[in-house]
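Subject: Structure handover

Hello,

The sequence and the structure are below. My notes on what was found follow after them.

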Amino acid sequence: MDIKLQKLSFAYAPGTPFEKRALFDVDLAIASGSYQAIIGHTGSGKSTILQHLNALLKPTAGSIQIGDKVITAGKKEKDLRPIRQKVGIVFQFPEHQLFEETVLKDIIFGPMNFGVPEEEAMEKARDLVKLVGLPEAVLEKSPFDLSGGQMRRVAIAGVLAMEPDVIVLDEPTAGLDPRGRKEIMDLFYQLHQKRNLTTILVTHSMEDAARYADQIAIMHEGRCVLTGTPREIFSDIETLSNYRLEVPQIIHFQKQLEQKAGFSFPKLCLTEEE
Ligand code: ADP
């Protein structure tokens, strides 16, 4: 499912003394099946874009196209529901959204709300726990008896249960140790590969963007200031450093890309150790 942001602008509390422009004419095209990272410092507009991706926010001006649906300022709420189903968002600390008595009930909650018959939803839940790397036995457990990493996997299964065409990851490794980070990022990469899932990673981690994404967009003060492949982005040290991205870090990534994969590879090999 292709996604296209065209001159997307957004202001919080428009027309009030608290008006705050958060996005300015953002243009960004995300091809179906690609892995797009959106990176930038705090306050650069990443979350505001994320909330447009499943129509939690509507543009103040400009548009966002998701598949054949175009969201503009005037779009009616009822027209946004199908878009929300197609775009799954894994919010930061998604395990905080678990609430049911058992893992199974948690995973089938979304599909059943959308009218999927219980048997079918349960069948899907059994496949999904395996897909996210958990034993089937967790289905009958309380999500609150699981470890933090397992809870996060259950929450991810819950998002996948809606069969989204696009998955948006909001700082998905927040709060995890380095090993947990790699496991979760590898899991998303495998999902992206196996299911041809269009994946949008919203992060301040250049490391994750360099390692996993096909395409990177850099946000700075509400503007999309640079887009390209990791190779293109990390070649452009001068532009990157203009946007307060730390030069030693950029050089570090550049060297890593050169040494480990060479620039002819689209991305780093996932099995390589740091
Ligand atoms: P990021 O996700 O990159 O940290 P945000 O999209 O959250 O950036 O924020 C972009 C700008 O919008 C910032 O200046 C931020 O202070 C402002 N902003 C974010 N949310 C709100 C809000 N609910 N009300 C007013 N301003 C907001």
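Starting with strand β8: Thr198, Ile200 and Val202 point one way and Thr199, Leu201 and Thr203 the other, and all of them are buried. A residue counts as buried if 20 or more other C-beta atoms lie within 10 Å of its own, as exposed if 12 or fewer do, and as partly exposed in between, with C-beta atoms placed from the backbone. Helices (H or I, at least four residues) and strands (E, at least two) are DSSP runs, numbered from the N terminus. Six of the six residues of β8 are buried, so the strand is largely enclosed by the rest of the structure.

Two points on provenance. This is a predicted model, in which local features need pLDDT of at least 70 and side-chain atom pairs count only at pLDDT 80 or more, while totals for chains, interfaces and linings use all residues. Residues are numbered from 1 along each chain as its sequence is written.

Overall

The protein has ten helices and ten strands. Of its 274 residues, 38% count as buried. Among contacts between residues at least 6 apart in sequence, 62% join residues at least 24 apart; a contact here is a pair of residues whose C-beta atoms, placed from the backbone, lie within 7 Å.

The sheet

β8 belongs to an open sheet of six strands with mixed pairing, in the order β6-β7-β8-β3-β9-β10. The edges are β6 (87-90) and β10 (223-228), each with a single partner strand, so one side of each has no neighbour in the sheet. On average, neighbouring strands are turned by 20° against each other, direction ignored; the axes are lines fitted to C-alpha atoms, for helices over the stretch in contact, and angles run from 0 to 180 degrees between N-to-C directions. Two strands are called paired if DSSP finds at least two bridges between them. As background, strands of a sheet pair through backbone hydrogen bonds, either parallel or antiparallel.

Going across the sheet from β6:

- β6 pairs with β7 (residues 166-170) in the parallel sense over four bridges, and Val87 stands opposite Val166 in β7. Both faces of β6 are covered, with Val87 and Ile89 buried on one side and Gly88 and Val90 buried on the other.
- β7 and β8 are parallel and share five bridges; Val168 stands opposite Ile200 in β8.
- β8 (residues 198-203) and β3 (residues 35-39) also run parallel, joined by five bridges. Here Ile38 is opposite Val202 in β8.
- β3 and β9 pair in the parallel sense over four bridges, with Gln215 in β9 as the bridge partner of Gln36. β9 (residues 215-220) is mostly covered, since five of its six residues are buried.
- β9 and β10 are antiparallel over five bridges, and Thr227 in β10 is the bridge partner of Ala217. The two strands form a hairpin with two residues between them, and Glu221 in the turn has a positive phi of about 45°.

The ligand site

Which residues surround the ligand? They are Tyr12, Lys20, Ala22, Gly40, Thr42, Gly43, Ser44, Gly45, Lys46, Ser47 and Thr48, where a residue is near the ligand if its C-beta atom, placed from the backbone, lies within 6 Å of it. The elements that give two or more residues to this shell are β2 (20-30) and α1 (46-53). α1 gives the most, with three residues. By type, the shell divides into two nonpolar, seven polar and two charged residues; Ala, Val, Leu, Ile, Met, Phe, Trp, Tyr, Cys and Pro count as nonpolar, Asp, Glu, Lys and Arg as charged, and the others, Gly among them, as polar.

α1 is itself mostly covered, with six of its eight residues buried: Lys46, Thr48, Ile49, Leu50, His52 and Leu53. Just after α1, Ala55 takes a positive phi of about 65°.

The core

The largest nonpolar core has 67 residues, and those with the most contacts inside it are Ile107, Ala125, Ala157, Val168 and Ile200. Such a core is a set of buried Ala, Val, Leu, Ile, Met, Phe, Trp, Tyr and Cys residues joined through C-beta atoms within 7 Å. Helix α5 (residues 148-160) gives the most to this core, with seven residues. Ala157 is in contact with Ile107, Leu128, Val129 and Val132, leaving aside its neighbours within four places in sequence.

Regards

Technical notes. Contact = placed C-beta atoms within 7 Å.
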